[in-house]
Amino acid sequence: MPGEANIQHQSSRIHRELKLQQAIATSQEARHEPSYYDISMLKAPVWKWEIASYFFLGGLSAGTYILSRMAERFGGRQFEDLTQAGSAIAAASALACPPLLIHDLGDPKRFHHMLRVWKPSSPMNLGTWVLTAYSGNLMIPTVRDLLNRRNARTRTERRAISLLKNPTILAVSDAAGIPLAILMAGYTGVLLSSTSTPAWCKNPWIGPLFSASAIATAASALSLVLDLTDKRDVTPSKSALSKIETVAHLAEAISLVGYLKSAGDLAKPLTHGSQRPHLVAAVTSLAAPEVFKCLPLKGTPGRLSRILASVISLLGGFSLRWGFVFAGHESANDPAAARKNSRAN
């Protein structure tokens with residue numbers, strides 16, 4: 001019948017339109033699903049606050065150790081306050097480093113297992129050995145200064161002080177300790193640059209940047225302690241630390257500019273991404289303390305300004321490490337950055 005044929009024709013047409021609409025909807029949904037080019041080929045770093053804190057405290061400990069040992073070696077008694085404060089800060093900062101690393105590893109045995117091999121070509125393995133050797137060597141000046149404060153009440157303490165003040169032992173300790181501290185200050189930056197994370201990979205400026213920041217934060221921490229314990233405006237130690245801090249801030253600024261120029265678009269997590277506030281804090285910590293030094297203040301206002309400048313510098317040094325660590329997460333999850341970084345130069 002003509003009517004039935006017409007009905008069948010309309011039904012077939014409606015069926016074809018429904019299938020076409022379903023195909024279009026399926027195609028649109030597929031466009032919202034991530035393709036191969038929307039998925040990064042890298043696994044984001046698992047490092048969190050423990051490693052960011054370790055990077056900061058390790059650098060602070062190494063920097064204060066270097067300054068305190070150089071002050072005693074070449075400054076003598078006029079820098080005795082700097083030497084004692086440096087030993088205390090270095091020991092306190094280093095004391096927190098192994099627990100932070102072990103907590104990040106999740107199992108204390110993993111830290112021990114890394115000491116079962118010696119592989120200098122691996123920054124992580126080398127760093128584990130450096131931390132262990134540095135911490136052991138750090139105990140010599142720390143124990144000596146602690147016994148000095150106790151004024152050698154017993155014969156055993158007097159013998160210990162006499163032994164630790166032996167010129168040969170001090171020379172050997174400094175000859176080993178200062179190179180270890182230099183490695184401790186900068187190896188974390190080298191470790192980052194040895195990974196495949198785009199924001200870090202093969203960037204030659206991260207090591208110098210972390211080293212300069214270690215000295216800057218060390219000078220700030222020492223200045224803070226001396227300002228809190230000594231109300232005098234000018235002392236040999238405070239004057240020397242002010243100059244060291246300025247030079248270190250300058251070196252840190254040059255290294256940071258070098259890093260940003262070398263990284264280019266790969267530094268977007270720091271320059272335009274979620275870690276931009278930490279980069280701003282780090283840059284502010286380089287300029288603000290130098291501005292405070294230029295203020296013509298004496299007495300209590302000047303002392304408070306120096307304390308504030310030191311606090312800003314320390315917060316900036318921590319923000320720098322925090323920003324770099326967590327910028328790695330965002331960078332590794334960026335498929336465009338991963339593909340760009342994987343291309344041959």
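In these legends, a residue is called buried when its relative accessible area is under 20%, exposed when that area is over 50%, and partly exposed in between (1.4 Å probe, protein chains only). The structure is a predicted model, in which local features need pLDDT of at least 70 and side-chain atom pairs count only at pLDDT 80 or more, while totals for chains, interfaces and linings use all residues. Residues are numbered from 1 along each chain as its sequence is written, and side-chain values use heavy atoms, with hydrogens and water left out.

**View 1. Overview of the protein chain.** The secondary structure consists of 13 helices and zero strands, where helices (H or I, at least four residues) and strands (E, at least two) are DSSP runs numbered from the N terminus. Of the 345 residues in the protein chain, 44% are buried. The chain exposes about 18700 Å², of which carbon and sulfur atoms supply 64%; accessible areas come from the Shrake-Rupley method with a 1.4 Å probe, and for residues only the protein chains shown count as cover. Among contacts (heavy atoms within 4.5 Å) between residues at least 6 apart in sequence, 77% join residues at least 24 apart.

**View 2. The largest nonpolar core.** A nonpolar core is a set of buried Ala, Val, Leu, Ile, Met, Phe, Trp, Tyr and Cys residues joined through side-chain atoms within 4.5 Å. The largest one has 44 residues, and those with the most contacts inside it are Tyr54, Phe55, Tyr134 and Phe324. Several helices each supply at least two residues of this core, including H2 (49-75), H5 (123-149), H7 (167-193) and H12 (300-332). Helix H7 gives the largest share, eight residues. Another core, of 17 residues, lies apart from it and has Leu67, Ile89, Ala221 and Leu241 among its members.

**View 3. Surroundings of tyrosine 134.** Neighbours within four places in sequence are left aside here. Tyrosine 134 is in contact with Ser61, Ala62, Tyr65, Ala90, Ala94, Gly177, Leu180, Ala181 and Met184.

**View 4. Glycine 316 in helix H12.** Glycine 316 is found in helix H12 and counts as buried because its relative accessibility is 3%. Its C-alpha atom and that of alanine 281, 35 residues apart along the chain, are separated by 5.4 Å. Not counting residues up to four places away in sequence, glycine 316 touches Ala281, Ala282 and Ser285.

**View 5. Serine 331 and the backbone of alanine 199.** Serine 331 also has its place in helix H12; with a relative accessible area of 1%, serine 331 is buried. A polar atom of its side chain lies 2.9 Å from the backbone nitrogen of alanine 199. Beyond residues up to four places away in sequence, serine 331 touches Thr197, Pro198, Ala199, Leu266, Pro269 and Ala337.

**View 6. Lysine 202 in a loop.** Lysine 202 is found in the loop between H7 and H8. At 70% relative accessibility, lysine 202 counts as exposed. Its phi is near 55 degrees, a positive value in a residue other than glycine. Most residues other than glycine have a negative phi.

**View 7. A nonpolar patch on the surface.** Trp205, Leu250 and Ile254 form this patch, with about 290 Å² of accessible area together. Patches are made of residues with over 30% relative accessible area and no salt bridge; like charges are joined within 9 Å, and nonpolar side chains (Val, Leu, Ile, Met, Phe, Trp, Tyr) within 5 Å. A salt bridge is a side-chain nitrogen of Lys or Arg within 4 Å of a carboxyl oxygen of Asp or Glu. Isoleucine 254 is found in helix H9 and, at 48% relative accessibility, counts as partly exposed.

How values were computed: A polar contact is a pair of N or O atoms within 3.5 Å; within protein, one must be able to donate a hydrogen and the other to accept it, and residues adjacent in sequence count only if both atoms are side-chain atoms.
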